[in-house]
Amino acid sequence: MANLTDLTVTVIGAGNMGGAVARAIRKAGVSERRLVLFNSSEESTSRAAREIGAASAFELFGSDATLATAVAESHVIVLGFKPYHLEAMAPKIAPHVQEGTLIVSLLAGASLDTLSDAFDGHKALVRAMPNTPIAVGQGVVGLMPGEHASESERELARALFEKSATVVEIPEHQVHGVIGAAGSASAYFFLIAEAMIDEAVAEGFTRAVATDLVVGTMLGSATLLHETGEAPTSARYAVTSPGGATAQAIAALEEGGIRALMARGMRAAADTSRKMEER
Ligand SMILES: NC(=O)c1ccc[n+]([C@@H]2O[C@H](COP(=O)([O-])OP(=O)(O)OC[C@H]3O[C@@H](n4cnc5c(N)ncnc54)[C@H](OP(=O)(O)O)[C@@H]3O)[C@@H](O)[C@H]2O)c1
(Lines give C-alpha, C1' and ligand atoms only; values in the text may rest on other atoms or scores of the structure.)
Protein backbone atom coordinates (compact mmCIF):
# COMPACT_ATOMS: atom_id res chain seq x y z
CA MET A 1 0.00 0.00 0.00
CA ALA A 2 1.20 3.50 -0.92
CA ASN A 3 2.51 5.69 1.86
CA LEU A 4 -0.59 7.16 3.49
CA THR A 5 1.33 10.24 4.68
CA ASP A 6 1.03 11.61 1.13
CA LEU A 7 -2.75 11.32 1.06
CA THR A 8 -5.19 14.14 1.66
CA VAL A 9 -8.36 12.91 3.34
CA THR A 10 -11.41 15.06 4.05
CA VAL A 11 -13.96 13.91 6.62
CA ILE A 12 -17.29 15.66 6.11
CA GLY A 13 -19.10 15.26 9.43
CA ALA A 14 -16.53 14.43 12.11
CA GLY A 15 -19.08 13.75 14.86
CA ASN A 16 -19.27 10.59 16.97
CA MET A 17 -18.58 8.10 14.20
CA GLY A 18 -16.89 10.38 11.66
CA GLY A 19 -14.60 11.63 14.46
CA ALA A 20 -13.73 8.07 15.53
CA VAL A 21 -12.98 7.17 11.91
CA ALA A 22 -10.85 10.33 11.59
CA ARG A 23 -8.80 9.09 14.55
CA ALA A 24 -8.40 5.72 12.83
CA ILE A 25 -7.23 7.48 9.69
CA ARG A 26 -4.65 9.46 11.66
CA LYS A 27 -3.45 6.20 13.20
CA ALA A 28 -3.21 4.74 9.69
CA GLY A 29 -0.54 7.34 8.97
CA VAL A 30 -2.34 10.27 7.32
CA SER A 31 -0.61 13.39 8.58
CA GLU A 32 -2.30 16.03 10.73
CA ARG A 33 -2.21 18.75 8.04
CA ARG A 34 -3.60 16.37 5.42
CA LEU A 35 -6.54 15.07 7.43
CA VAL A 36 -9.09 17.81 6.82
CA LEU A 37 -12.32 18.04 8.79
CA PHE A 38 -15.50 19.80 7.76
CA ASN A 39 -18.45 20.04 10.16
CA SER A 40 -21.60 22.16 10.14
CA SER A 41 -19.85 25.21 11.61
CA GLU A 42 -16.40 26.71 11.83
CA GLU A 43 -16.50 26.43 15.61
CA SER A 44 -17.39 22.74 15.77
CA THR A 45 -14.85 21.96 13.03
CA SER A 46 -12.05 23.69 14.98
CA ARG A 47 -13.03 21.84 18.14
CA ALA A 48 -13.03 18.45 16.39
CA ALA A 49 -9.73 19.25 14.63
CA ARG A 50 -8.10 20.13 17.95
CA GLU A 51 -9.41 17.02 19.71
CA ILE A 52 -8.51 14.62 16.92
CA GLY A 53 -5.24 16.20 15.83
CA ALA A 54 -6.39 17.14 12.34
CA ALA A 55 -6.80 20.28 10.21
CA SER A 56 -9.95 22.39 9.95
CA ALA A 57 -11.15 23.07 6.38
CA PHE A 58 -12.08 26.57 7.54
CA GLU A 59 -8.56 27.31 8.74
CA LEU A 60 -6.95 25.82 5.64
CA PHE A 61 -9.19 27.32 2.97
CA GLY A 62 -10.99 30.22 4.63
CA SER A 63 -14.66 30.50 5.47
CA ASP A 64 -15.90 30.96 1.89
CA ALA A 65 -14.06 28.32 -0.14
CA THR A 66 -14.18 25.41 2.32
CA LEU A 67 -16.27 22.46 1.13
CA ALA A 68 -15.67 22.81 -2.63
CA THR A 69 -11.92 23.36 -2.15
CA ALA A 70 -11.51 20.64 0.44
CA VAL A 71 -13.32 18.11 -1.76
CA ALA A 72 -11.45 19.11 -4.91
CA GLU A 73 -8.07 18.64 -3.18
CA SER A 74 -8.81 15.26 -1.57
CA HIS A 75 -7.65 11.78 -2.49
CA VAL A 76 -10.27 10.35 -0.11
CA ILE A 77 -13.58 11.78 1.12
CA VAL A 78 -15.28 10.26 4.14
CA LEU A 79 -19.01 10.94 4.50
CA GLY A 80 -19.77 11.10 8.23
CA PHE A 81 -22.93 13.21 8.35
CA LYS A 82 -26.40 11.80 9.06
CA PRO A 83 -28.08 9.82 6.25
CA TYR A 84 -30.94 12.34 6.07
CA HIS A 85 -28.41 15.04 5.10
CA LEU A 86 -27.34 13.14 1.98
CA GLU A 87 -29.90 14.75 -0.29
CA ALA A 88 -28.82 18.25 0.69
CA MET A 89 -25.07 17.53 0.93
CA ALA A 90 -24.46 15.45 -2.21
CA PRO A 91 -25.12 18.28 -4.73
CA LYS A 92 -22.59 20.45 -2.84
CA ILE A 93 -19.95 17.71 -2.91
CA ALA A 94 -20.46 15.80 -6.18
CA PRO A 95 -19.37 18.51 -8.69
CA HIS A 96 -15.98 18.87 -6.96
CA VAL A 97 -15.03 15.19 -6.59
CA GLN A 98 -12.05 14.28 -8.80
CA GLU A 99 -12.28 11.14 -10.92
CA GLY A 100 -9.81 9.07 -8.90
CA THR A 101 -10.99 10.25 -5.47
CA LEU A 102 -12.23 7.48 -3.20
CA ILE A 103 -15.54 8.17 -1.46
CA VAL A 104 -16.00 6.22 1.79
CA SER A 105 -19.54 6.43 3.14
CA LEU A 106 -20.38 5.73 6.79
CA LEU A 107 -24.06 6.48 6.23
CA ALA A 108 -26.23 3.68 7.64
CA GLY A 109 -29.06 2.74 5.30
CA ALA A 110 -27.65 4.55 2.23
CA SER A 111 -27.04 1.80 -0.35
CA LEU A 112 -24.28 1.82 -2.94
CA ASP A 113 -26.93 2.45 -5.60
CA THR A 114 -28.26 5.46 -3.68
CA LEU A 115 -24.71 6.79 -3.23
CA SER A 116 -23.84 6.21 -6.88
CA ASP A 117 -26.96 8.17 -7.92
CA ALA A 118 -26.16 10.95 -5.44
CA PHE A 119 -22.57 11.24 -6.73
CA ASP A 120 -23.32 11.13 -10.46
CA GLY A 121 -22.20 7.52 -10.96
CA HIS A 122 -18.82 8.04 -9.25
CA LYS A 123 -16.95 4.74 -9.50
CA ALA A 124 -14.51 4.81 -6.57
CA LEU A 125 -17.09 4.13 -3.89
CA VAL A 126 -16.90 2.07 -0.69
CA ARG A 127 -19.47 1.76 2.09
CA ALA A 128 -18.12 1.20 5.58
CA MET A 129 -20.05 0.00 8.63
CA PRO A 130 -17.85 0.52 11.72
CA ASN A 131 -18.72 0.07 15.37
CA THR A 132 -17.89 2.53 18.16
CA PRO A 133 -14.88 0.64 19.67
CA ILE A 134 -12.98 1.92 16.63
CA ALA A 135 -12.62 5.09 18.75
CA VAL A 136 -10.15 3.18 20.97
CA GLY A 137 -8.48 1.34 18.12
CA GLN A 138 -10.38 -1.92 18.74
CA GLY A 139 -13.27 -1.68 16.29
CA VAL A 140 -14.77 -3.92 13.69
CA VAL A 141 -15.65 -2.57 10.28
CA GLY A 142 -17.56 -4.15 7.41
CA LEU A 143 -16.34 -2.76 4.08
CA MET A 144 -18.58 -2.94 1.02
CA PRO A 145 -16.83 -1.87 -2.15
CA GLY A 146 -18.96 -0.62 -5.03
CA GLU A 147 -18.91 -2.82 -8.12
CA HIS A 148 -16.62 -0.39 -9.99
CA ALA A 149 -14.13 0.13 -7.14
CA SER A 150 -10.69 -1.05 -8.24
CA GLU A 151 -8.47 -3.44 -6.30
CA SER A 152 -6.18 -0.56 -5.24
CA GLU A 153 -9.17 1.50 -4.04
CA ARG A 154 -10.41 -1.44 -1.97
CA GLU A 155 -6.91 -1.84 -0.56
CA LEU A 156 -6.78 1.86 0.29
CA ALA A 157 -10.11 1.65 2.14
CA ARG A 158 -8.80 -1.32 4.09
CA ALA A 159 -5.54 0.50 4.94
CA LEU A 160 -7.46 3.49 6.33
CA PHE A 161 -9.21 1.29 8.90
CA GLU A 162 -6.98 -1.66 9.66
CA LYS A 163 -4.78 -0.03 12.30
CA SER A 164 -7.90 0.54 14.44
CA ALA A 165 -10.30 -2.22 13.48
CA THR A 166 -10.74 -5.79 12.37
CA VAL A 167 -11.67 -5.28 8.73
CA VAL A 168 -14.09 -7.62 7.02
CA GLU A 169 -14.92 -7.13 3.36
CA ILE A 170 -18.50 -8.19 2.66
CA PRO A 171 -21.01 -8.10 -0.17
CA GLU A 172 -23.50 -5.29 0.48
CA HIS A 173 -26.46 -7.57 1.17
CA GLN A 174 -24.65 -8.80 4.32
CA VAL A 175 -24.57 -5.34 5.89
CA HIS A 176 -27.62 -6.18 8.02
CA GLY A 177 -25.88 -9.23 9.46
CA VAL A 178 -22.83 -7.09 10.23
CA ILE A 179 -25.04 -4.62 12.09
CA GLY A 180 -26.47 -7.50 14.18
CA ALA A 181 -23.08 -9.11 14.87
CA ALA A 182 -20.84 -6.02 15.22
CA GLY A 183 -22.39 -2.60 14.48
CA SER A 184 -24.94 -2.81 17.29
CA ALA A 185 -23.18 -5.55 19.22
CA SER A 186 -21.00 -3.40 21.47
CA ALA A 187 -24.28 -2.29 23.08
CA TYR A 188 -25.14 -5.94 23.94
CA PHE A 189 -21.84 -6.28 25.76
CA PHE A 190 -22.40 -2.94 27.53
CA LEU A 191 -25.79 -4.23 28.68
CA ILE A 192 -24.29 -7.51 29.89
CA ALA A 193 -21.56 -5.55 31.71
CA GLU A 194 -24.20 -3.35 33.34
CA ALA A 195 -26.20 -6.35 34.56
CA MET A 196 -23.10 -8.13 35.89
CA ILE A 197 -21.80 -5.01 37.66
CA ASP A 198 -25.19 -4.55 39.36
CA GLU A 199 -25.10 -8.15 40.58
CA ALA A 200 -21.50 -7.79 41.82
CA VAL A 201 -22.62 -4.67 43.75
CA ALA A 202 -25.46 -6.77 45.22
CA GLU A 203 -22.73 -9.22 46.37
CA GLY A 204 -21.18 -6.36 48.34
CA PHE A 205 -18.49 -4.89 46.08
CA THR A 206 -18.25 -1.15 45.53
CA ARG A 207 -19.30 -0.12 42.01
CA ALA A 208 -15.68 0.72 41.18
CA VAL A 209 -14.41 -2.72 42.22
CA ALA A 210 -17.40 -4.43 40.57
CA THR A 211 -16.59 -2.56 37.33
CA ASP A 212 -12.92 -3.60 37.51
CA LEU A 213 -13.93 -7.23 38.03
CA VAL A 214 -16.44 -7.34 35.17
CA VAL A 215 -14.76 -5.13 32.58
CA GLY A 216 -11.37 -6.74 33.26
CA THR A 217 -12.89 -10.18 32.73
CA MET A 218 -14.62 -9.09 29.50
CA LEU A 219 -11.41 -7.64 28.16
CA GLY A 220 -9.39 -10.70 29.15
CA SER A 221 -11.93 -13.14 27.71
CA ALA A 222 -12.06 -11.32 24.36
CA THR A 223 -8.26 -11.06 24.27
CA LEU A 224 -7.90 -14.76 25.09
CA LEU A 225 -10.18 -15.78 22.20
CA HIS A 226 -8.54 -13.25 19.87
CA GLU A 227 -4.93 -14.12 20.68
CA THR A 228 -5.19 -17.91 20.97
CA GLY A 229 -7.78 -18.46 18.24
CA GLU A 230 -9.38 -20.96 20.61
CA ALA A 231 -13.06 -21.78 19.96
CA PRO A 232 -15.40 -20.20 22.55
CA THR A 233 -16.76 -23.63 23.49
CA SER A 234 -13.34 -25.05 24.32
CA ALA A 235 -12.34 -21.90 26.24
CA ARG A 236 -15.54 -22.29 28.26
CA TYR A 237 -14.92 -26.00 28.93
CA ALA A 238 -11.52 -25.02 30.39
CA VAL A 239 -13.26 -23.09 33.21
CA THR A 240 -16.12 -25.55 33.74
CA SER A 241 -15.32 -28.29 36.26
CA PRO A 242 -17.93 -31.03 36.64
CA GLY A 243 -20.52 -29.96 39.19
CA GLY A 244 -18.59 -26.75 39.92
CA ALA A 245 -19.66 -23.12 40.23
CA THR A 246 -19.20 -22.31 36.51
CA ALA A 247 -21.20 -25.38 35.45
CA GLN A 248 -24.07 -24.25 37.66
CA ALA A 249 -23.86 -20.69 36.32
CA ILE A 250 -23.89 -21.90 32.71
CA ALA A 251 -26.84 -24.21 33.43
CA ALA A 252 -28.77 -21.26 34.91
CA LEU A 253 -27.98 -19.04 31.90
CA GLU A 254 -29.01 -21.81 29.47
CA GLU A 255 -32.22 -22.35 31.41
CA GLY A 256 -32.91 -18.61 31.05
CA GLY A 257 -32.57 -18.99 27.26
CA ILE A 258 -29.39 -16.97 26.77
CA ARG A 259 -28.64 -18.40 23.30
CA ALA A 260 -32.14 -17.82 21.95
CA LEU A 261 -32.16 -14.34 23.48
CA MET A 262 -28.84 -13.35 21.87
CA ALA A 263 -30.07 -14.69 18.53
CA ARG A 264 -33.32 -12.72 18.91
CA GLY A 265 -31.43 -9.51 19.64
CA MET A 266 -29.11 -9.94 16.66
CA ARG A 267 -32.03 -10.76 14.36
CA ALA A 268 -33.96 -7.71 15.62
CA ALA A 269 -30.99 -5.45 14.77
CA ALA A 270 -30.53 -7.02 11.32
CA ASP A 271 -34.27 -6.91 10.52
CA THR A 272 -34.51 -3.27 11.61
CA SER A 273 -31.57 -2.41 9.38
CA ARG A 274 -33.27 -4.21 6.44
CA LYS A 275 -36.44 -2.20 7.00
CA MET A 276 -34.47 1.07 7.22
CA GLU A 277 -32.91 0.40 3.84
CA GLU A 278 -36.31 -0.34 2.27
CA ARG A 279 -37.66 3.11 3.26
N1 LIG B 1 -22.90 6.14 15.81
C2 LIG B 1 -22.77 4.90 15.32
O3 LIG B 1 -22.65 3.90 16.04
C4 LIG B 1 -22.73 4.68 13.82
C5 LIG B 1 -22.38 3.43 13.34
C6 LIG B 1 -22.28 3.24 11.96
C7 LIG B 1 -22.57 4.31 11.10
N8 LIG B 1 -22.93 5.51 11.59
C9 LIG B 1 -23.21 6.61 10.64
O10 LIG B 1 -22.35 7.68 10.95
C11 LIG B 1 -22.98 8.89 10.55
C12 LIG B 1 -22.88 9.91 11.65
O13 LIG B 1 -23.55 9.46 12.81
P14 LIG B 1 -23.11 10.00 14.23
O15 LIG B 1 -23.79 9.17 15.22
O16 LIG B 1 -21.63 10.13 14.26
O17 LIG B 1 -23.76 11.49 14.17
P18 LIG B 1 -23.21 12.87 14.80
O19 LIG B 1 -22.37 12.61 15.98
O20 LIG B 1 -24.42 13.73 14.95
O21 LIG B 1 -22.28 13.47 13.67
C22 LIG B 1 -22.80 14.08 12.52
C23 LIG B 1 -21.75 15.03 11.99
O24 LIG B 1 -22.25 15.61 10.78
C25 LIG B 1 -21.93 16.98 10.81
N26 LIG B 1 -22.81 17.78 9.94
C27 LIG B 1 -24.12 18.04 10.09
N28 LIG B 1 -24.54 18.86 9.10
C29 LIG B 1 -23.44 19.14 8.34
C30 LIG B 1 -23.20 19.96 7.22
N31 LIG B 1 -24.18 20.68 6.66
N32 LIG B 1 -21.96 20.01 6.71
C33 LIG B 1 -20.94 19.29 7.28
N34 LIG B 1 -21.10 18.51 8.35
C35 LIG B 1 -22.34 18.44 8.88
C36 LIG B 1 -22.09 17.38 12.25
O37 LIG B 1 -21.41 18.59 12.48
P38 LIG B 1 -21.63 19.40 13.87
O39 LIG B 1 -20.81 18.66 14.88
O40 LIG B 1 -21.08 20.75 13.54
O41 LIG B 1 -23.09 19.40 14.14
C42 LIG B 1 -21.43 16.18 12.93
O43 LIG B 1 -20.04 16.36 12.99
C44 LIG B 1 -24.42 8.55 10.19
O45 LIG B 1 -24.57 8.56 8.78
C46 LIG B 1 -24.62 7.16 10.74
O47 LIG B 1 -25.51 6.42 9.96
C48 LIG B 1 -23.00 5.73 12.94
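User: Is Ser-111 buried or exposed?
Analyst: Ser-111 counts as buried because its relative accessibility is 13%. Buried means under 20% relative accessible area, exposed over 50%, and partly exposed in between, with a 1.4 Å probe and protein chains only as cover.

User: Before we continue, what are the ground rules?
Analyst: This is a predicted model, in which local features need pLDDT of at least 70 and side-chain atom pairs count only at pLDDT 80 or more, while totals for chains, interfaces and linings use all residues. Residues are numbered from 1 along each chain as its sequence is written, and side-chain values use heavy atoms, with hydrogens and water left out.

User: Fine. Where is Ser-111 in the fold?
Analyst: Ser-111 sits in the loop between β5 (102-105) and α5 (112-118). Helices (H or I, at least four residues) and strands (E, at least two) are DSSP runs numbered from the N terminus.

User: And what does Ser-111 touch?
Analyst: Beyond its neighbours within four places in sequence, Ser-111 is in contact (heavy atoms within 4.5 Å) with Arg-127, Glu-172 and Glu-277. The side chain of Ser-111 also makes a polar contact of 2.9 Å with the side chain of Thr-114. A polar contact is a pair of N or O atoms within 3.5 Å; within protein, one must be able to donate a hydrogen and the other to accept it, and residues adjacent in sequence count only if both atoms are side-chain atoms.

User: Where does Arg-127 belong, and is Arg-127 buried or exposed?
Analyst: Arg-127 is part of strand β6 (residues 125-130). With 2% relative accessibility, Arg-127 counts as buried. A polar atom of the Arg-127 side chain lies 3.1 Å from the backbone oxygen of Ala-110.

User: Which order do the strands take in the sheet?
Analyst: Eight strands form an open sheet in the order β3-β2-β1-β4-β5-β6-β7-β8, with mixed pairing. The edges are β3 and β8 (165-169), each of which pairs on one side only. Two strands pair if DSSP finds at least two bridges between them.

User: What surrounds β1, then?
Analyst: Strand β1 (residues 9-12) is covered on both faces: Val-9 and Val-11 on one side, and Thr-10 and Ile-12 on the other, are all buried. β1 pairs in the parallel sense with β2 (residues 35-38) over four bridges, where Val-9 has Leu-35 as its bridge partner and Ile-12 stands opposite Phe-38. Four bridges also join β1 to β4 (residues 76-79), again parallel; there, Val-11 is the bridge partner of Val-78.

User: What handedness does the β1, α1 and β2 unit have?
Analyst: β1, helix α1 (residues 16-27) and β2 make a right-handed β-α-β unit. Right-handed here means that, with the strands pointing away from the viewer, the path from the first strand over the helix to the second runs clockwise.

User: Switching to the ligand: which residues come nearest?
Analyst: Of the 23 residues around the ligand, Asn-16, Met-17, Ser-40, Ser-44 and Phe-81 come nearest; a residue qualifies when one of its heavy atoms lies within 4 Å.

User: What polar backbone atoms face ligand oxygens?
Analyst: A polar backbone atom of Asn-16 is 2.9 Å from a ligand oxygen. For Met-17, a backbone N or O atom lies 2.7 Å from an oxygen atom of the ligand, and a polar backbone atom of Phe-81 is 2.7 Å from a ligand oxygen. The protein covers 75% of the 910 Å² of accessible area that the ligand has on its own; such areas come from the Shrake-Rupley method with a 1.4 Å probe, and for residues only the protein chains shown count as cover.

User: Ser-44 came up there. Which residues of α2 are buried?
Analyst: In helix α2 (residues 42-52), the buried residues are Ser-44, Thr-45, Ser-46, Ala-48, Ala-49 and Ile-52. Their cover includes α1, β2, β3 (55-56) and α3 (57-72). Just after α2, Gly-53 takes a positive phi of about 85 degrees.

User: Lastly, how many helices and strands does the protein have?
Analyst: The secondary structure comes to 12 helices and eight strands. Buried residues make up 40% of the 279 residues, and the C-alpha atoms fill a box of roughly 70 × 35 × 35 Å along the principal axes.
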